Structure formats: C-alpha cells, structure tokens
Amino acid sequence: MLTGNCTTCHKGPAKELKDFPSAHTDVACTQCHHTKHAYIPNCSECHEPHVEGQTMKECLSCHPVHKPLVIKYAKDTPSKVCGSCHNEPYNLLQTNITKHSSLTCAECHPSHGEIPPCERCHGKPHQEALHKLFPNCLKCHKDPHNLPIKKKEGS
C-alpha cells in the first residue's frame, strides 16, 4: 500500500517494501508511523516477540523493518530464538543430547532456510567404500537434530 506523500521523500523504504514483499507491504505507512512524522514504532506494537523479554534491537538484528522476510542473524543468536518458530528441531536438540546440541542453530544454518551438507563440518568420516554405498548421510543418521548416537557425559 505504497501511496501518498511518504514515498515522495522516503524512496528507500518504499523500494524495499516493493522489492521484498511481506505483510508490511500491504500496510499504509501511517499505520506504523502513526503518532507523528519520524515516529519509529516498537515491533511489539504489532508482533509477539520470539522469546520473552526480546528487545526491538534484537528483533531488528534479524528482521530489517521494510524487508522483514530477509532474515539475517549472527552465529551467536540464541537457539531458543530460532526454536520459537522451528520448535520441533529445537525440542529434539534439547531432549536428545548430542554434540549438535551444544551448537547454536546459526552455526549450522548461517542463512535462514539453509540446509547445509554434513560434509561442511564432518568431511568424510567413514571409509570411502561406505561413502560410496551410502552417499547421503541421512540414510543412516536420519535427522541431524535427533541423532541416534548420544553424546557421552562430560565429552
């Protein structure tokens, strides 16, 4: 809903909203910037935080305001933030403790939605004949969030 006087001066936000469509694209500028010119709303005015006590700065560290579906985050983003939407893999990592449980989600998934190949971190851990017979790690290891081999206590 990019109409009106706002887009005359604020071409950047208008372009982002147009180029990266989201629910924000369908909202009039004055619906968010409602109090006065240059008013910056807090994300929590419309959105529930991913985790309790999440600040606007934390929201903006992953979601740019005018292109919120272009998600970027730091490697040290707490996994519970990801787990608020991706609760099944998060819960599996919390209950089936393996070496993957000690990693943040972002260490394996450096960009949102990226499914990394196991070889990125693990190389080829088995003999070549086994890798030829089973080229897909997930044929045996099934789910990296729910590995069949549990981490030993203290390791």
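This passage describes the fold, surface and selected residues of one protein chain. The model is predicted, so local features are reported only at pLDDT of at least 70 and side-chain atom pairs only at pLDDT 80 or more, while totals for chains, interfaces and linings draw on all residues. Residue numbers start from 1 along each chain as its sequence is written, and side-chain values rest on heavy atoms, with hydrogens and water left out.

The protein chain contains ten helices and zero strands, where helices (H or I, at least four residues) and strands (E, at least two) are DSSP runs numbered from the N terminus. Read from the N terminus, the order of elements is α-α-α-α-α-α-α-α-α-α. The radius of gyration of the protein chain is 21 Å, whereas a compact globule of 155 residues would have a value near 15 Å; the radius is taken over C-alpha atoms, and the globule rule is 2.2 Å times the number of residues to the power 0.38. Along the principal axes, the C-alpha trace spans about 65 × 35 × 20 Å.

Of the 155 residues in the protein chain, 21% count as buried; here buried means under 20% relative accessible area, exposed means over 50%, and partly exposed lies in between (1.4 Å probe, protein chains only). Among contacts with a separation of 6 or more, 53% join residues 24 or more positions apart, a contact being heavy atoms within 4.5 Å. The accessible surface of the protein chain comes to about 11500 Å², and carbon and sulfur atoms supply 60% of that area; such areas come from the Shrake-Rupley method with a 1.4 Å probe, and for residues only the protein chains shown count as cover. The protein chain carries 18 positive and 15 negative side chains, and the centres of the two sets are 7 Å apart. In this count Lys and Arg are positive and Asp and Glu negative, with His and the chain ends not counted, and each charge is placed at NZ of Lys, CZ of Arg, CG of Asp or CD of Glu.

Ala38 has a phi near 75°, a positive value in a residue other than glycine. Ala38 sits in the loop between helix H3 (29–32) and helix H4 (56–62) and is exposed at 60% relative accessibility. Lys142, also not a glycine, has a positive phi of about 60°. Lys142 belongs to the segment after helix H10 (138–141) and is exposed, with a relative accessible area of 60%.

Turning to the cysteines, the structure holds zero disulfides, a disulfide being a pair of cysteine sulfur atoms within 2.5 Å. Cys6 is in no disulfide, and its nearest cysteine sulfur, that of Cys29, is 4.1 Å away. Cys6 is partly exposed, at 29% relative accessibility. For Cys118, the closest cysteine sulfur belongs to Cys137 and lies 3.9 Å away, which is too far for a bond. Cys118 is partly exposed as well, with a relative accessible area of 26%.

Pro68 lies in the loop between H4 and helix H5 (79–83) and is buried, at 12% relative accessibility. Not counting residues up to four places away in sequence, Pro68 touches Ser22, His24 and His63. The C-alpha atoms of Pro68 and Glu16 are 9.8 Å apart, and the two residues are 52 apart in sequence. Ala74 lies in the loop between H4 and H5 and is partly exposed, with a relative accessible area of 41%. From the C-alpha of Ala74 to that of Pro110 the separation is 7.9 Å, and the residues are 36 apart along the chain. Pro89 is part of helix H6 (residues 87–95) and is partly exposed at a relative accessible area of 26%. Pro89 and Asp143 are 54 residues apart in sequence, with a C-alpha to C-alpha distance of 9.1 Å.
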